[in-house]
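Trainee: Before we discuss the packing of helices and loops, may I see the sequence and the structure?

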Amino acid sequence: MTLVPFAGLVLDEAFRLLRQDGVPVPKPNFGPTANAGPGVAAYFDPHDWSITVDVFAGVSEKATRLGPSAKLADLTPKEAATLAGSCYHEARHTQQEFQAARLVAEDAHGTKTAAALAAELGIPEVAAAAALAAMPMSAVERKEGAEWHALSQGGRHADYQRWNEKLRYFTAELAAMSFWQDYSSKGTEAVYPIWEKVIHPTVEKRYRAEGLVVAARKLDQLWDLPHRDSVDLGVLYQLSNIRDGIQDVLDAEAKLGQTLVKNRANAVIRANTPVSDPQEINIRKLEVAAEEMSPGRDVLALLIALMQLKMISEDAYRAYPEEADAYKRGGEVASEIEKGETAPVPAATVKRP
Ligand SMILES: [Zn+2]
């Protein structure tokens, strides 16, 4: 069995469970997920109620090399389990989105049409209609629905999630550029122009104007809330960490700028105060050599700050209530499969006595 039919069977099994819970089944797609962000193997898109799975996106080096002819047998048990786990992870997102929609529908007490609910939540009208027609929710379902709604479209922290996703993707791409390593071995005159034209304006725009300023405003709003629930506190905690990580990036960039400006000033001073004593000439040479190492050191320090911010931002993503829950569900399935408690091929296709 090749990998796409395998993922299809896993999704079929996951969808069977969704149907049991009255959740409208999403449309499965198989293909590249690169536009969803770096290293994304699968995603649920609430807008068209679909799950896209890329069976080659970082699942297995061997499978990636073999391409479409890669078979299930080419995956290690752990890789097969991981692929199945991400299918369940996305199916869980479908269930969460539906439960959140049911909550909003229920709280509207018949005042919202399917079209209005669909527009508010960014989901198809059929899914909104199903949410409106669903059974009354239990207290537990309402609590879960509220947690999953908070960061999604229409939720009170949707702005935070959108902002952190943008920060996470941008920082991942920036930190992965070969640029940093290239400039880490160069001196003042090579680094100065790229700092002035690219590094400084980019960091100011992305990490001060669109980063620190936005984080500070949202943090102030959270501190001002008269009552904070567990979701508010979670956002507050993660956002404080992200804010600190952004501050470290800004500090590292400022340090690089100071070094470059100071080195240029020193070069001017040296040119204006020539020395003739051979020992003094030698000391100057060593001073210049030491100075020329400093921009590279600062470039690497900035790269380290960016990589740390990327990790902080990823931690914040995994802490979104819907992600924490979906990772738990996907992880449970993956470890069952890996331990052999569940067949990698879903139960429905395995003949049992
Ligand atoms: Zn997810």
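Mentor: Two residues are in contact if their C-beta atoms, placed from the backbone, lie within 7 Å. This is a predicted model, in which local features need pLDDT of at least 70, side-chain atom pairs count only at pLDDT 80 or more, and totals for chains, interfaces and linings use all residues. Residues are numbered from 1 along each chain as its sequence is written.

Trainee: Which residues does Ala-134 touch, not counting residues up to four places away in sequence?

Mentor: Ala-134 sits in the loop between α5 and α6 (139–150); helices here are DSSP runs (H or I, at least four residues), numbered from the N terminus. With 18 other C-beta atoms within 10 Å, Ala-134 is partly exposed, a class lying between buried (20 or more such atoms) and exposed (12 or fewer). Beyond four places in sequence, Ala-134 touches Gly-22 and Arg-102.

Trainee: Which residues of helix α4 are buried, and against which helices do they pack?

Mentor: Helix α4 covers residues 114–121, and its buried residues are Leu-117, Ala-118 and Leu-121. Seen down the axis of α4, these fall within an arc of 100°, so they line one face of the helix; the arc is that of the directions from the helix axis to the C-beta atoms. The buried residues of α4 pack against α3 (77–107) and α5 (125–133).

Trainee: Are α4 and α5 roughly parallel or roughly perpendicular to each other?

Mentor: Their axes, lines fitted to C-alpha atoms over the stretch in contact, are compared by an angle from 0 to 180 degrees between N-to-C directions. α4 and α5 pack at about 115°, with their axes 8 Å apart. Angles under 35 degrees count as roughly parallel, over 145 as roughly antiparallel, 65 to 115 as roughly perpendicular and the rest as oblique. α4 and α5 are therefore roughly perpendicular.

Trainee: How are α10 and α11 oriented to each other?

Mentor: Helix α10 (residues 230–272) and helix α11 (residues 278–318) have axes that come within 9 Å and cross at roughly 165°. The two helices are therefore roughly antiparallel.

Trainee: With which residues is Arg-228 in contact, leaving aside its neighbours within four places in sequence?

Mentor: Arg-228 belongs to the loop between α9 (188–224) and α10. Arg-228 is partly exposed, having 14 other C-beta atoms within 10 Å. Apart from neighbours within four places in sequence, its contacts are Leu-222, Leu-233 and Leu-236.
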